[in-house]
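Reader: Please go through this model with me, term by term. I would like to hear the grounds for each label that gets used.

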Amino acid sequence: MTVPFVSFRPLEAELNAPLRAAFDRVLQNSWYIEGQEDAAFERAFADYCGTDFCIGCGNGLDALVLILKAYGIGPGDEVIVPSNTFIATVLAVSYCGASPVLVEPDIATYNIDPTLVEAAVTPRTKAIMAVHLYGQPADMDALRTIADAHGLRLIEDAAQAHGATYHGKRTGGLGDAAGFSFYPGKNLGALGDAGAVTTNDGDLAARIRALGNYGSDRKYHHIYKGQNTRLDELQAAFLAAKLPELDRMNEFRREVAARYRSEIHHPGVILPTVAPGCTHVWHIFPVRCRQRDALERHLTAAGIGVNKHYPTPIHKQGAYPELAGLSLPLAEEISATELSLPMYYGMTPEQVSAVIEAVNRFTGA
């Protein structure tokens, strides 16, 4: 049996009618930027996250950049980030002219280790950017204690964790501000690029909205050197059609993950854990294996789609030669051993079984 790493077909089949209705509504209204669809989705997503404000933008990277710029973070400043994450987290810091300070993860959760964050704080530190990696919230209480003790902003990179909860509270409302990506493969995905910022800070929300609209607070009145990054009406309408289904889709992912975690028994495969107080939404189901490349070949030959998140750590990327001398063994360990199994809404029980059986049949190189 062939099992793709990801497929949008099951969800698209279920939501065909509301998605087409969303398209027709936007086309009929002939209003494509900053209209009623955008406003409606922003209100709905803010309510979903438990925040007062949501500001749509072009993508998840822009969301993080807007937050940092709105806080005035720039050249000479430092932002603490995880050593293992997608490069967009670190690029956002660089785009603002600030310096990323990479801190190692808790190997059990893959999220930034709060016990190592305190030592990374310097007089130049302005913020901690916590990534809810793979769909599991970071340890926000511990990070909040550190942030408050040093007068730092606590920012969420929630691009992979739509709907995840930490002690009963959803991501997006756990820090001072949060950046979301609605890239099509996300748990809540648009039909193209899209992003958003959530926050309870009205002044920050106003700055972010202006910064994303050419620095303008009203037409032809520019108060900042801004950029053009807005959530278009069509993507907002698609996202609004999908949002009511997000909790159901996340619960489906948890059911698939529960089977993986209970039925994969290979001694050479390390399964992911769920931290106390967290509900994981399994954007990615990451396993680790010392023979990762051999496992990848085995699963590929068996018709099982896999991916690696992320095979080269940031400090080893050509984009960051200034970080090349860092010693970050845990990030390197994860990059060398992580393999992501199929995880998407609509997988059949037979497909899940095929993945489990293929992993358990692995005999090594």
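**Grounds for the labels**

Author: Serine 30 sits in the loop between α2 and α3 (36–49), where helices (H or I, at least four residues) and strands (E, at least two) are DSSP runs, numbered from the N terminus. The model is predicted, so local features need pLDDT of at least 70 and side-chain atom pairs count only at pLDDT 80 or more, while totals for chains, interfaces and linings use all residues. Residues are numbered from 1 along each chain as its sequence is written, and side-chain values use heavy atoms, with hydrogens and water left out.

Reader: What is the phi of serine 30?

Author: The phi of serine 30 is near 55°, a positive value in a residue other than glycine. Tyrosine 134 also has a positive phi, of about 70°, and is not a glycine. Tyrosine 134 belongs to the loop between β4 (125–131) and α7 (140–150).

Reader: Why does tyrosine 134 count as buried?

Author: Buried means under 20% relative accessible area, exposed over 50%, partly exposed in between (1.4 Å probe, protein chains only). Tyrosine 134 has 1% relative accessibility, so it counts as buried.

Reader: Why is leucine 191 called partly exposed?

Author: Because its relative accessible area is 40%, leucine 191 is partly exposed. Leucine 191 lies in the loop between β8 (177–181) and β9 (195–199). Leaving aside residues up to four places away in sequence, leucine 191 touches Pro184, Gln235, Phe238 and Lys242, contact meaning heavy atoms within 4.5 Å.

Reader: Why is α2 called roughly antiparallel to α9?

Author: Helix α2 (residues 16–29) and helix α9 (residues 233–242) pack at an angle of about 150°, with axes 9 Å apart. That makes α2 roughly antiparallel to α9, because angles under 35 degrees count as roughly parallel, over 145 as roughly antiparallel, 65 to 115 as roughly perpendicular and the rest as oblique. Axes are lines fitted to C-alpha atoms, for helices over the stretch in contact, and angles run from 0 to 180 degrees between N-to-C directions.

Reader: Which residues of α2 and α9 meet?

Author: Pro18, Leu19, Ala22, Phe23, Arg25 and Val26 in α2 meet Glu233, Leu234, Ala237, Phe238, Ala241 and Lys242 in α9. By class, this contact of α2 with α9 has 9 nonpolar, no polar and 3 charged residues. Ala, Val, Leu, Ile, Met, Phe, Trp, Tyr, Cys and Pro count as nonpolar, Asp, Glu, Lys and Arg as charged, and the others, Gly among them, as polar.

Reader: How do α10 and α13 run relative to each other, and what is the ground for the label?

Author: The axes of helix α10 (residues 246–263) and helix α13 (residues 349–361) come within 10 Å and cross at roughly 30°. α10 and α13 are therefore roughly parallel to each other. Val256, Arg259, Tyr260 and Glu263 of α10 make the contact with Pro349, Val352, Ser353, Val355, Ile356 and Asn360 of α13.

Reader: What makes strand β14 largely enclosed by the rest of the structure?

Author: In strand β14 (residues 285–289), 5 of the 5 residues are buried, so the strand is largely enclosed by the rest of the structure. Phe285, Val287 and Cys289 on one side and Pro286 and Arg288 on the other are all buried, so that both faces of β14 are covered.

Reader: Which strand pairs with β14 over 4 bridges?

Author: Strand β15 (residues 338–341) pairs with β14 in the antiparallel sense over 4 bridges; two strands pair if DSSP finds at least two bridges between them. The bridge partner of valine 287 in β15 is leucine 339. Strand β12 (residues 269–270) is joined to β14 by 2 bridges, and the two run antiparallel.
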